[in-house]
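Subject: A structure for you to look at

Hi there,

Here is the structure I promised to pass on. Have a look at it first, and then read my notes below.

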There are 2 protein chains.
Amino acid sequence: MRGKRRKRFPLRISWTLCLVADAESARGRDLIQIIRQAVEGGVTLVQLRAKKLPASAFLNLALEAASLLRKKKIPLIINDRPDIALACSAAGVHLGQEDLPLSAARRILGKDRLIGLSASSLKEAHRAQKDGADYIGLGPVFSTPTKATTLTPLGLRGVREICSRLSIPVLAIGGIDRRNARQVIAAGADGIAVVSAILGARDIFKATRKLKSAVSISGAARR
Amino acid sequence: MRGKRRKRFPLRISWTLCLVADAESARGRDLIQIIRQAVEGGVTLVQLRAKKLPASAFLNLALEAASLLRKKKIPLIINDRPDIALACSAAGVHLGQEDLPLSAARRILGKDRLIGLSASSLKEAHRAQKDGADYIGLGPVFSTPTKATTLTPLGLRGVREICSRLSIPVLAIGGIDRRNARQVIAAGADGIAVVSAILGARDIFKATRKLKSAVSISGAARR
């Protein structure tokens, strides 16, 4: 493998617990403060999402998050916008099915940054892997209050089937909380991504810690 | 000047008449069809704007517009998103005051693509020029039905003052129609940019031709 160009980020990333820091779901609370507490609680990855903010406000938030997370060595992933990911030197970008295609994002971000894709079926997940995605955001696993969606939840069975057929990391998302997180990891996901389970909690730190403990135990039990 | 790197686009651009093809203002009509008719009518530049579309839909529209405009040798400018501008090989990007800062866009687009900035005062226009903008979108010149804005219209006097102090091209925008277009060019603008004056017309081709004739006559009269 000598001389083979390796990506900078994936090797170091722990997929265990990803906070999707969604500006709209913060409901007026300070999102940076939430991220800070979640980091203390043990998130291993943060995705920043702000679908309704103007780009300049999104970038300012991203720069603040990037500065905080850099110190903690937690990778930051920007939702939807490769341009903003580049502008804040994020670890990568997460693209939904309605966002830019992977090829367009790759052209901007190059090979050294992560590109994750949302997938809600084996077909989408396979295609994302074939197209060169660095990881899959797979869901919804369960029904979720965060996104108004018509997608059928995959259930643990769907997660198990899809994970067994993919070689890239899978972050399971959608309705995951501390009661079911363990089963999701047991079904084969490399980690979980949550919005409400952390952003909806009164005590961000405590909620994160409980989630982390749930996924960490099951991570060990899985092998 | 030998060896000095020149930009690919600005040298060829005619600033006379820019259509701001705003997806939301098309009100259900086929935007590509509108652009086609406006090109036949004589627009010299098209800016594509779709603030509310998901990125994939915006990109699809941009690819269609780019393909049409390439054949006609009309430059395409993408509003707000350098990533989409790059993905559709547009001539450049137009950034409003709430969009990404110029430096972030330049990093993505390099020196060979245009970056235009909106400015509504001499101060903003000066700063944009200093920061390396390739042109200014200056306005609102008059009050406009397209954008809900609290900005005070600059009037012809404002346009005259600001244009006299800038060295980069100025596209005047805001409430410009075929009755006042001539005066705007006489006040020093290199061209006009319109939304409603073309998109609001029943006959796109005819409306464009009348605007073009208004700005062309005054363009000649200015010198």
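Let me begin with one residue pair: Trp15(A) is buried, and so is Tyr135(A) (buried means under 20% relative accessible area, exposed over 50%, and partly exposed in between, with a 1.4 Å probe and protein chains only). Before I go on, please note that this is a predicted model, in which local features need pLDDT of at least 70, side-chain atom pairs count only at pLDDT 80 or more, and totals for chains, interfaces and linings use all residues. Residues are numbered from 1 along each chain as its sequence is written, chains are lettered from A and ligands numbered from 1 in the order in which they are written, and side-chain values use heavy atoms, leaving out hydrogens and water.

**Aromatic pairs**

How many aromatic pairs does a search of the whole structure find? There are two over all chains. Rings of Phe, Tyr and Trp (its six-membered ring) pair if their centres lie within 6.5 Å; planes under 30 degrees apart count as stacked, over 60 as edge-to-face and the rest as tilted. The ring centres of Trp15(A) and Tyr135(A) are 5.0 Å apart and the planes are at 45 degrees, so this pair is tilted. It links distant parts of the chain, 120 residues apart: Trp15(A) sits in the segment before β1 (17-22) of chain A, and Tyr135(A) in strand β6 (residues 135-138) of chain A. Helices (H or I, at least four residues) and strands (E, at least two) are DSSP runs, numbered from the N terminus. In chain B, Trp15(B) and Tyr135(B) form a tilted pair too, with 5.0 Å from centre to centre and 45 degrees between the planes. Both Trp15(B) and Tyr135(B) are buried.

**A helix in chain B**

Next comes helix α2 (residues 55-72) of chain B. Its 18 residues should span 26 Å at 1.5 Å a residue, and the end C-alpha atoms are 25 Å apart, which agrees (the expected span is 1.5 Å times one less than the number of residues). Buried residues in α2(B) include Phe58(B), Leu61(B) and Leu68(B). Among the elements that cover the buried residues of α2(B) are β2 (45-49) and α3 (82-87) of chain B. After α2(B) comes Lys73(B), whose phi is positive, near 60 degrees.

**Where the chains meet**

In contact with 21 residues of chain A are 21 residues of chain B (contact means heavy atoms within 4.5 Å). Together the two chains bury about 1,600 Å², 60% of it on carbon and sulfur atoms; buried area is the accessible area (1.4 Å probe) that two parts lose on being put together, summed over both. Asp83(B), Leu100(B) and Arg107(B) supply 30% of the area that chain B buries against chain A, more than any other three residues.

**Salt bridges**

A salt bridge is a side-chain nitrogen of Lys or Arg within 4 Å of a carboxyl oxygen of Asp or Glu. The structure holds 20 of them over all chains, and two lie across the interface of chain B and chain A. Asp80(A) and Arg81(B) meet in a salt bridge, 3.7 Å from N to O, and both residues are buried. Within chain A, Asp177(A) forms a salt bridge with Arg179(A), with the closest N and O atoms 3.1 Å apart. Arg179(A) is exposed, with a relative accessible area of 64%. Salt bridges that share partners also join Lys51(A), Asp80(A), Asp99(A), Arg81(B) and Asp83(B) into one network.

Best wishes
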